[in-house]
Amino acid sequence: LKLKSLPDFLAMPQDLSLAGFPPEDELDDLRAFRELLLAGWPRLFEATPTGAKRKFSGHLEELKMAVELLPGKSLDTRPCGGAWQHDMERLLTPTSLEDLGDFRVGEAVDFLSMLSHPRRELLPYHVSVATKTILAVQHDEGFSPTGAPFMFVGQRQHVHRIFAVPWDLAADMAETLPEAQDLGPVLVIQMTGRCGSTVLSKAMEWLEVGCQSISEPEVVTDIHEMLERGLCAREEALKMLRAVLLMTVHQRRKANPDKPMIVIKNRSLSCCWRHCELLPEALPGVKQIFQWRTLEDVIGSFHVAIENATISHHTRWLQRQGMDRLAWALNGSPVVPCMQRMVETMTSDSLLALQADINMYEGDLNVWKFVEHGSLGYQTLRCLLCAHASAVLGRKGLWAYTLSYEDLMLRKSACVTDLLQALGWLHLVPSREILGTPQGDKVFLKDAHSGGGFAKAGGSTVGGDQHHLKKISASGGPLDRANAHLPSWQAMIVRDLLKQHRPLHSFGYDLKVASEPETSLSSVATHGGA
C-alpha cells in the first residue's frame with residue numbers, strides 16, 4: 001500500500017482558495033463531520049474522501065422514462081461495500097448513487113402507480129445531479145422506513161426495488177398527485193440539532209393526535225448541496241424540491257390516511273438551510289417552525305456523541321486533550337476547507353446577509369481559532385453557521401413558530417398543544433384530552449433515537465435532563481450555568497469561540513429573539529446564554 005504524503009502536523013496554511021463554488025474534492029458539512037470520527041492511522045491506507053459526484057458515465061442522464069436499477073451491493077453498507085464501522089458513520093454518510101455499487105439499469109416501470117401502493121412504501125431516496133434523476137426506494141411489504149429514527153437509515157433496510165426517475169418526468173408525475181392541488185397540513189421542522197426535534201416529531205405521532213412524522217429526508221440535503229455547489233439553477237432546485245416533497249406527502253397519506261398532518265423534521269440547518277426560502281414557493285401553504293437549544297449545549301452534545309463514536313482509540317485520546325486536529329492530517333486535513341467555507345458563507349453569502357447596519361467580515365471569524373480545537377472547534381463553527389442562518393431566515397418571516405428544547409422538556413405534551421394552536425391545526429386533532437397530561441408526557445420518555453446512532457441513556461432523547469434544566473432555570477446568567485455535556489475547561493473554549501460572532505453574542509445566543517423580524521441585531525441583550 002502506498003501511503004499518502006503527510007503535511008506537517010502543526011502547520012496550518014493561512015490561505016486556501018475559496019473562489020467560486022466548492023470543488024468536487026471538497027467535503028460538504030456531513031462528509032466533513034464523518035471525518036471527525038474516522039480520523040486516525042487507518043485513514044492513511046484509504047482513499048482521500050471527496051464530496052458529491054458531479055458526473056456519471058452510465059448514460060442515466062439520457063433517460064426519458066422511469067427504470068429499475070439493479071444494485072451491486074446492499075444500500076446499508078459503506079460506499080466501498082464494507083460494513084459500517086459505527087452506527088454514526090451510517091448517520092453521517094449522505095445518500096448517493098455510490099450506495100448502489102456497480103449497478104445495472106433494468107426495465108422501464110410504471111412508477112406513478114407504484115407510488116400509491118399503501119403496503120409497499122416507495123419514497124424518494126436521493127436527488128442525483130450527476131444523472132439528473134431522482135432515486136427512489138421501494139420496501140418489502142409491511143415495512144415502513146419512517147419508523148426509523150432517521151428515514152434515510154430506514155430506507156437502506158428491507159429494500160425491495162430501486163428506481164430512477166428523470167427530473168422532468170418526476171416533476172410532471174408530481175403535478176398529477178392530489179396534493180399538488182390541495183396540499184393539506186404539512187409542517188417542516190428546521191432546527192439546530194440536538195434540540196429535541198426528533199423527540200417532538202416522534203411524540204406528535206405517538207400521541208395519536210392525527211400526525212405522522214418523517215425524520216430527515218435526505219433529498220432536502222441533496223437540494224441544498226446542489227445549490228451550494230452551483231450545480232443547478234434555482235428553478236431546477238425549486239422543481240425538484242416540489243416533486244420530492246409532493247411524492248413523500250402523497251405516499252405517507254396513502255400509508256396512513258387517518259393521520260393527515262405530516263410532520264417533516266429536517267437535518268440541522270447547517271447542511272440544508274438553502275432550501276428554506278424555496279419552500280413557500282415550492283409548496284404554498286407549508287408551515288416552517290424553528291426548534292433550538294442553548295447553543296453551547298448543542299455543541300457539547302454533538303461533541304460527546306462524536307467522541308463516543310470515534311473509531312481510533314488514539315484519536316479519541318487526542319479529542320479528550322483538545323488536540324485531535326493532529327489526526328486530521330493523516331488523510332490530508334479534509335475538514336479544514338469545509339470550515340473555511342462555513343466562515344465565507346456567514347461573511348460573504350448574500351442569502352445570509354445580516355441587516356444593513358450590521359457587517360460581518362472574515363476577520364471577525366478567525367477560522368484557525370476553531371481549527372486549533374479540532375472536533376470541538378468544528379462543532380462550534382457548524383453550530384454557529386446554523387445559528388446565523390436561523391436568525392437571518394427567521395428575520396425574513398419564514399418561521400411560523402419558535403420552540404426551545406428547554407421549554408419542550410419542561411412542558412412536554414403541553415408544548416404540542418401550543419404548537420398545533422399556533423399553526424391553526426388544533427381543530428384537526430380527533431381527541432385532545434391526552435395533551436398536557438402526565439399520560440401524554442410519558443411518550444417523551446421513549447428513546448426517539450434508538451437504532452439511529454445518536455441514542456443515549458438520558459437527556460434529550462429520554463425526557464430531558466431535569467436536574468440540568470432546573471439548574472439552568474436557577475442560574476444567574478451565561479457565566480453561572482454549567483454546560484449540559486462538557487467539562488468546564490471545554491465549555492470555556494466554546495464560549496470564547498462563540499464571542500467571535502458579535503451580533504449573536506450580543507443577544508446571548510437567544511435564537512428566538514435574534515430571529516424575530518422586528519428585533520434589531522444591533523441591540524444588546526441582557527439575557528440568554530451562549
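Figure 1. The chain exposes about 20200 Å², and carbon and sulfur atoms supply 53% of it (accessible areas come from the Shrake-Rupley method with a 1.4 Å probe, and for residues only the protein chains shown count as cover). This is a predicted model, so to speak of local features we ask for pLDDT of at least 70, side-chain atom pairs count only at pLDDT 80 or more, and totals for chains, interfaces and linings use all residues. Residues are numbered from 1 along each chain as its sequence is written, and side-chain values use heavy atoms, with hydrogens and water left out. Of the 530 residues in the chain, 60% are buried (buried is under 20% relative accessible area, exposed over 50%, partly exposed in between, with a 1.4 Å probe and protein chains only). You'll find 22 helices and ten strands here (DSSP runs numbered from the N terminus: helices are H or I with at least four residues, strands are E with at least two). Take the contacts (heavy atoms within 4.5 Å) between residues at least 6 apart in sequence: 78% join residues at least 24 apart.

**Figure 2. The two chain ends and their confidence.** The average pLDDT (the predictor's confidence in each residue, from 0 to 100) is 89 for the chain, with 87% of the residues scoring at least 70. Residues 1–19 have pLDDT below 50, and this stretch has 32 contacts in the model beyond near neighbours in sequence. Residues 524–530 are also below 50, with 21 such contacts.

**Figure 3. F33 meets F302.** Rings of Phe, Tyr and Trp (its six-membered ring) pair if their centres lie within 6.5 Å; planes under 30 degrees apart are stacked, over 60 edge-to-face, and the rest tilted. That rule gives five aromatic pairs. In one of them, the ring centres of F33 and F302 are 5.7 Å apart and the planes sit at 75 degrees, so this pair is edge-to-face. F33 belongs to helix α1 (residues 29–38) and F302 to helix α10 (residues 295–309), so the pair ties together parts 269 residues apart in sequence. Both F33 and F302 are buried.

**Figure 4. F111 and F163, another edge-to-face pair.** Here the ring centres are 6.2 Å apart and the planes are at 80 degrees, so F111 and F163 count as edge-to-face. The pair links distant parts of the chain, 52 residues apart: F111 is in helix α3 (residues 111–115), F163 in strand β5 (residues 159–166). F111 and F163 are both buried.

**Figure 5. Arginines over rings.** A charge sits over a ring if NZ of Lys or CZ of Arg is within 6 Å of the ring centre and within 35 degrees of the ring normal. R293 lies over the face of Y405, 4.0 Å from the ring centre. R382 does likewise over F302, at 5.1 Å.

**Figure 6. Helix α15, wrapped up by the rest.** Of its 22 residues, 21 are buried, so α15 is largely enclosed by the rest of the structure. Helix α15 (residues 374–395) reaches 32 Å from its first C-alpha to its last, close to the 32 Å expected at 1.5 Å a residue (1.5 Å times one less than its number of residues). G397 follows α15, with a positive phi near 85 degrees.

**Figure 7. E208, a loop residue with positive phi.** E208 isn't a glycine, yet its phi is positive, near 60 degrees. The loop holding E208 runs between α6 (197–206) and β7 (211–215).
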